Amino acid sequence: MVAIYLAIGLALWSNKAFAAPELVRFADQRFAPGTIVVKNRERSLYLVHRGGTALRYQVAVGKRGKAWTGQTYITGMHVRPAWSPPAEVKRDLPHLPVVIAGGAPNNPMGVAAMTLAGGEYAIHGTNRPGLIGRAVSYGCIRMRNADIADLFARVGVNTRVVAVN
């Protein structure tokens, strides 16, 4: 896991735009340590720690009517993934290609993605970091590339993910 983290994130750590995740108080007892909690209204993702704390990352979430809520778990972890627009996205944006290669500048998945069980959603990096903190996606959770690299190194397949409004 450390080698993968270094492969996708080492250069990003030196980027002046990088802001380390913030360690914050997190007293919600519903979520066990190790759980990822996405709070759509806050545009924040929390990785719950022991002792009533969590790491907080700023994220972009689903636009109005598209924000994902529920419970699931990570099914896959992918470095520089290719992206195929889901049918809904392709319908709204028919000019998009069928597949965008991993690592391509127009690939919206960024440097890494963690796919979620039960749908077409993922927690992933972005090629548009200026949209972090906004409701802009079709339901995926977007993170700055340095942040997804950091989170990628801290979690694994089967990590519980909960998204609330």
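Two strands count as paired if DSSP finds at least two bridges between them. Strands themselves are DSSP runs of E, at least two residues long, and helices are runs of H or I of at least four, both numbered from the N terminus. The model is a predicted one, so local features need pLDDT of at least 70 and side-chain atom pairs count only at pLDDT 80 or more, while totals for chains, interfaces and linings use all residues. Residues are numbered from 1 along each chain as its sequence is written, and side-chain values use heavy atoms, with hydrogens and water left out.

By that pairing rule, β6 and β7 run antiparallel and are joined by five bridges, with Ile74 opposite Leu116 in β7. Strand β6 (residues 70-79) also pairs with β11 (residues 160-164), again in the antiparallel sense, over four bridges; here Gly70 faces Ala163 of β11. Zooming out, nine strands make up an open, mixed sheet in the order β1-β4-β3-β2-β11-β6-β7-β8-β10. Its edges are β1 (22-25) and β10 (141-142), each of which pairs on one side only.

On to the packing. A nonpolar core here is a set of buried Ala, Val, Leu, Ile, Met, Phe, Trp, Tyr and Cys residues joined through side-chain atoms within 4.5 Å, where buried means under 20% relative accessible area (1.4 Å probe, protein chains only). The largest such core has 23 residues, and Ile36, Leu45, Met114, Ile123, Met143 and Leu151 have the most contacts inside it. At least two residues each come from β2 (36-39), β3 (44-48), β4 (53-58), β7, α3 (145-154) and β11. A second, separate core has nine residues, including Trp83, Val89, Ile100 and Ala122.

Among the contributors, α2 (87-92), β7 (112-116), β8 (122-124) and β9 (135-137) each supply at least two lining residues.

Terms used. Buried means under 20% relative accessible area, exposed over 50%, partly exposed in between (1.4 Å probe, protein chains only).
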